[in-house]
Amino acid sequence: MNWINDELVRLTEKSLERSLSVYSLAAGHPGHLRRGESRLLNLSSNDYLGLSGHAAIVAAMSESLLSEGAGSGASRLVTGNRAPYALLEQSLAQWQGKEAALVFANGYMANTGVIGALVSRRDVVFSDRLNHASIVDGITLSRAEHVRYRHNDPDHLTFLLNKHRDARRKLIVTDAMFSMDGDHALLRELVVLKQRHGAMLMVDEAHSGGVYFARGEGLSHQLGVNEDVDVHMGTFSKSFGVYGAYVCGSRTLIRWLLNTARPLVYSTALPPAVIAGISKALELVQEEPWRRERLAALTKRFRASLCTAGFTVIDGDSPIIPLIVGDNETAVRFSSDLQDEGIAAVAIRPPTVPNGTARIRYSISALHMEQELMEAAARIRRIGLKLGVLKS
Ligand SMILES: *Cc1c(COP(=O)(O)O)cnc(C)c1O
């Protein structure tokens with residue numbers, strides 16, 4: 001086992017070793033965390049709508065715990081399927097304007113399960129180079145050929161679709177909002193290509209679900225292409241503030257997944273209390289548009305103040321805002337200086353992002369206050385100047 005130590009030394013030398021920090025909630029300070037003695041503004045959470053501590057969700061979960069117990073006891077196809085699952089799936093399908101929906105234990109399992117159910121050895125998956133790791137792993141597990149197209153490059157995708165025109169089945173898969181850059185997929189272009197080349201289209205709305213469109217339906221609705229998306233996937237762990245994931249599509253698709261998606265078939269159903277929490281969160285996501293509006297307004301202000309501070313910010317309206325620092329060591333240093341200044345914002349390094357593009361990735365929540373975001377931007381600027389990331 002000595003090789004492990006050698007590899008760990010190598011990671012440490014490259015400023016690539018990761019370790020765990022312990023955080024707790026900062027009572028009375030929404031949007032903040034406590035770490036040891038200090039209170040930190042949380043600019044690294046995916047709780048975009050600020051639902052993770054919502055009293056009505058917590059109450060629904062507590063009630064369900066008391067009546068249904070802690071665990072579901074079996075996979076859904078055995079005896080783990082309870083009435084609230086079916087109700088939730090009906091509401092999800094309705095919300096998404098699809099025939100049917102299926103809940104998975106989390107986004108990682110949804111992606112690996114769905115891709116594995118749709119393609120296998122004789123098939124080809126066309127995947128954006130910046131897609132989430134759970135998509136990459138789903139493709140690997142499926143044993144289909146993995147063809148990566150350049151990020152948001154329909155011309156390159158066209159070239160590759162032509163090259164593989166004889167494949168049995170073709171699947172195009174993309175993040176809707178890319179998790180490390182915050183930019184949007186060119187969904188309209190992908191729809192044209194999937195139609196022209198007879199491919200299936202799967203969209204992962206993990207970060208965009210809850211954030212976009214009137215009732216939080218997501219980016220594919222915002223861009224008017226929902227009907228042409230064959231597989232709409234999203235999670236309950238980000239905007240919904242709970243845990244779990246969903247897949248929406250045709251009745252046929254859902255029937256097929258129920259029979260063949262291995263993470264669904266061979267794993268225990270989510271605890272009933274989680275389903276109760278998700279169901280309440282789905283109501284709030286739809287019925288409290290002020291959360292989306294507030295998030296959009298805060299995001300706009302924070303992006304503007306980083307620009308004014310002299311940073312190059314990728315254009316857009318997403319609450320994910322990366323500042324690319326370059327080398328790993330500076331990114332780690334930046335993050336640790338931010339922490340000293342009362343800000344939690346982690347350094348994202350390879351292999352999560354391409355080599356040489358280590359970054360601090362900020363994310364906004366509807367729980368933040370405008371004033372504290374403005375102060376944070378000023379501190380980020382000071383550290384940027386100190387570390388030479390910003391030239392004065
Ligand atoms: C977070 C994320 C997932 C995984 O979702 P979990 O519910 O956390 O497992 C999948 N896809 C994308 C794009 C994500 O950002």
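## The ligand and its surroundings

An oxygen atom of the ligand lies 2.6 Å from an N or O atom in the side chain of Lys 238. Taken alone, the ligand exposes 380 Å², and the protein buries 86% of that area; accessible areas come from the Shrake-Rupley method with a 1.4 Å probe, and for residues only the protein chains shown count as cover. The structure described here is a predicted model, in which local features need pLDDT of at least 70 and side-chain atom pairs count only at pLDDT 80 or more, while totals for chains, interfaces and linings use all residues. Residues are numbered from 1 along each chain as its sequence is written, and side-chain values use heavy atoms, with hydrogens and water left out.

Two further side chains approach the ligand through polar atoms. For Asp 204, a polar side-chain atom is 2.6 Å from a nitrogen atom of the ligand. For His 207, the distance from a polar side-chain atom to an oxygen atom of the ligand is 2.7 Å. In total, 14 residues surround the ligand (a residue is near a molecule or strand if one of its heavy atoms lies within 4 Å of it). The closest are Gly 107, Tyr 108, Asp 204, His 207 and Lys 238. Helix H5 (residues 107-118) supplies the largest share of this shell, namely three residues. By class, the shell has two nonpolar, nine polar and three charged residues; here Ala, Val, Leu, Ile, Met, Phe, Trp, Tyr, Cys and Pro count as nonpolar, Asp, Glu, Lys and Arg as charged, and the others, Gly among them, as polar.

## Overall architecture

The protein contains 15 helices and 14 strands. Helices (H or I, at least four residues) and strands (E, at least two) are DSSP runs, numbered from the N terminus. Of the 392 residues, 54% count as buried, a term that means under 20% relative accessible area, with exposed meaning over 50% and partly exposed in between (1.4 Å probe, protein chains only).

The C-alpha atoms fill a box of roughly 60 × 55 × 50 Å along the principal axes. A compact globule with 392 residues would have a radius of gyration near 21 Å, and the protein agrees with this at 21 Å. The radius is taken over C-alpha atoms, and the globule rule is 2.2 Å times the number of residues to the power 0.38.

## Salt bridges

The whole structure holds 16 salt bridges, each being a side-chain nitrogen of Lys or Arg within 4 Å of a carboxyl oxygen of Asp or Glu. One of them joins Asp 230 and Lys 194, with an N to O distance of 3.1 Å. Asp 230 lies in the loop between helix H9 (219-222) and strand S9 (231-235), and Lys 194 lies in helix H8 (residues 187-196), so the pair ties together parts that are 36 residues apart in sequence. Asp 230 is partly exposed, at 30% relative accessible area, whereas Lys 194 is buried, at 11%.

Another salt bridge, between Asp 337 and Arg 333, has its closest N and O atoms 3.8 Å apart. These two residues are four apart in helix H14 (residues 328-340), which means that about one helical turn separates them. Asp 337 is buried, at 8%, and Arg 333 is partly exposed, at 43%. Glu 341 and Arg 382 also form a salt bridge, at 3.6 Å from N to O. This pair links distant parts of the chain, 41 residues apart: Glu 341 is in the loop between H14 and strand S12 (343-344), and Arg 382 is in helix H15 (residues 370-386). Finally, Asp 123, Arg 168 and Arg 169 are linked in a network of salt bridges.

Key
A polar contact is a pair of N or O atoms within 3.5 Å; within protein, one must be able to donate a hydrogen and the other to accept it, and residues adjacent in sequence count only if both atoms are side-chain atoms.
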